[in-house]
Protein chains: 2
Amino acid sequence: MIATYTSSSLKAELNEKGWRLTPQRETILNVFQNLPKGKHLSAEDLYNVLQEEGAGISLSTIYRTLKLMARMGILRELELAEGHKHYELNQPHPYHHHHLICVRCSKTIEFKNDQILKIGSKAAQKDGYYLLDCQLTIHAVCPTCQRSLMPT
Amino acid sequence: MIATYTSSSLKAELNEKGWRLTPQRETILNVFQNLPKGKHLSAEDLYNVLQEEGAGISLSTIYRTLKLMARMGILRELELAEGHKHYELNQPHPYHHHHLICVRCSKTIEFKNDQILKIGSKAAQKDGYYLLDCQLTIHAVCPTCQRSLMPT
DNA sequence: CTGCTTATTGAGAATCGTTGTTGAAAAGAA
DNA sequence: TTCTTTTCAACAACGATTCTCAATAAGCAG
């Protein structure tokens with residue numbers, strides 16, 4: 001988990017595995033680095049952001065890049081109970097966090113806990129796995145939905 | 001998280017929210033209760049199991065029931081990097097566990113940790129959420145895939 | 001036990017996020 | 001520059017999941 005990627009550190013990490021640095025990949029990483037804290041994007045969200053910025057990157061490329069960067073550990077892939085994946089920068093210690101999700105209304109709260117990353121690292125290490133990401137996902141019912149009489 | 005549901009405890013929990021106990025729901029819960037430890041099913045897996053057992057339950061009903069039981073906290077919904085969700089019984093303490101997943105080959109290892117459920121409960125409680133499930137998901141690269149020269 | 005109301009089912013169509021395919025463009029190496 | 005290989009955009013294709021609708025059956029009240 002690297003805090004901030006520059007063009008050249010990204011290039012280095014890509015080339016190491018035989019991949020290439022392209023303007024599209026650089027642009028996409030930039031969007032995530034400039035995102036307000038706590039904000040995450042779906043593939044379509046990212047597509048729209050890029051359209052508005054005038055950088056028309058195709059949806060296929062977006063999907064490929066998101067998946068690539070998740071597999072490199074640069075991005076985290078989040079499953080936020082909305083039928084599609086969301087992505088955010090995979091940041092180290094002081095910013096590393098987890099998600100508490102209401103299964104009814106999908107309201108999501110971030111929370112931090114220092115132990116979890118330690119527990120995760122240890123578990124991965126024990127079996128010789130190389131850690132990319134470690135997220136505690138809590139499915140629950142928020143106070144509002146508990147009060148609501150509405151079934152479903 | 002209840003350890004074992006009987007027909008009547010399931011019925012009670014359903015009726016409480018205005019839902020009904022049907023033979024299909026009972027059958028599906030039974031399949032999960034009789035599943036070998038560490039085994040989880042996708043919707044399609046479950047459909048096939050039921051076909052073989054002669055209980056032909058439609059795919060629509062299966063999807064609806066899985067989602068319903070996940071929202072009730074009876075089942076856990078797992079995202080095991082295979083393009084579709086998997087489900088397993090949501091069991092309490094001694095059986096409660098987490099998943100370590102290789103992002104390359106999808107090999108998955110289960111592991112246990114007593115602290116995580118405590119951390120999760122506390123986080124939910126803090127914001128007044130009613131806890132349904134709490135899972136630590138670790139994305140990593142397994143030893144075999146680390147050795148493989150194959151990119152991607 | 002009977003009848004009423006409303007949730008649930010099954011079958012298949014429809015949806016929608018995501019992945020695959022193609023020829024053209026461009027990065028990296030020599 | 002020139003060659004090789006990856007990556008790109010555009011669009012077709014796929015597959016898991018959801019939706020629709022008429023028929024059925026829980027649960028409840030009398």
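B:Ser106 is located in the loop that connects strand 3 with strand 4 (108-111) of chain B, where helices (H or I, at least four residues) and strands (E, at least two) are DSSP runs numbered from the N terminus. The model is a predicted one, in which local features need pLDDT of at least 70 and side-chain atom pairs count only at pLDDT 80 or more, while totals for chains, interfaces and linings use all residues. Residues are numbered from 1 along each chain as its sequence is written, and chains are lettered from A and ligands numbered from 1 in the order in which they are written. The phi angle of B:Ser106 is near 70°, a positive value in a residue other than glycine, and with 13 C-beta neighbours inside 10 Å B:Ser106 counts as partly exposed. For this classification, a residue is buried if 20 or more other C-beta atoms lie within 10 Å of its own, exposed if 12 or fewer, and partly exposed in between, with C-beta atoms placed from the backbone. In chain A, A:Ser106 lies in the loop between strand 3 and strand 4; its phi is near 70°, again a positive value in a residue other than glycine, and A:Ser106 is partly exposed, with 13 other C-beta atoms within 10 Å.

The contact between the chains draws on 35 residues from chain A and 36 residues from chain B, two residues being in contact if their C-beta atoms, placed from the backbone, lie within 7 Å. On the side of chain A that touches chain B, at least two residues each come from strand 3 (98-102), strand 4 (108-111), helix 5 (114-126), strand 5 (130-141) and helix 6 (143-147) of chain A. Strand 5 of chain A gives the most to this side, with 12 residues. By class, the side of chain A that touches chain B comprises 21 nonpolar, nine polar and five charged residues, where Ala, Val, Leu, Ile, Met, Phe, Trp, Tyr, Cys and Pro count as nonpolar, Asp, Glu, Lys and Arg as charged, and the others, Gly among them, as polar.

Strand 5 of chain A and strand 5 (residues 130-141) of chain B pair in the antiparallel sense over 11 bridges, pairing requiring that DSSP find at least two bridges between the strands. Within this arrangement, A:Cys134 has B:Ile138 as its bridge partner in strand 5 of chain B, and A:Val141 is partnered by B:Tyr130. Strand 5 of chain B is also joined by four bridges to strand 3 (residues 98-102) of chain B, the two running parallel, and there the bridge partner of B:Cys102 is B:Ala140. Because 10 of its 12 residues are buried, strand 5 of chain B is largely enclosed by the rest of the structure.

Around DNA strand C there are 24 residues, of which A:Ser60, A:His84, B:Trp19, B:Ser58 and B:Thr61 are the closest; a residue is near a molecule or strand if its C-beta atom, placed from the backbone, lies within 6 Å of it. Helix 4 of chain A gives the most to the surface near DNA strand C, with four residues, and this surface has six nonpolar, 11 polar and seven charged residues. Of the 26 residues around DNA strand D, A:Trp19, A:Thr61, B:Leu21, B:Ser60 and B:His84 come nearest. Here helix 4 of chain B gives the most, with four residues, and the surface near DNA strand D divides into seven nonpolar, 12 polar and seven charged residues.
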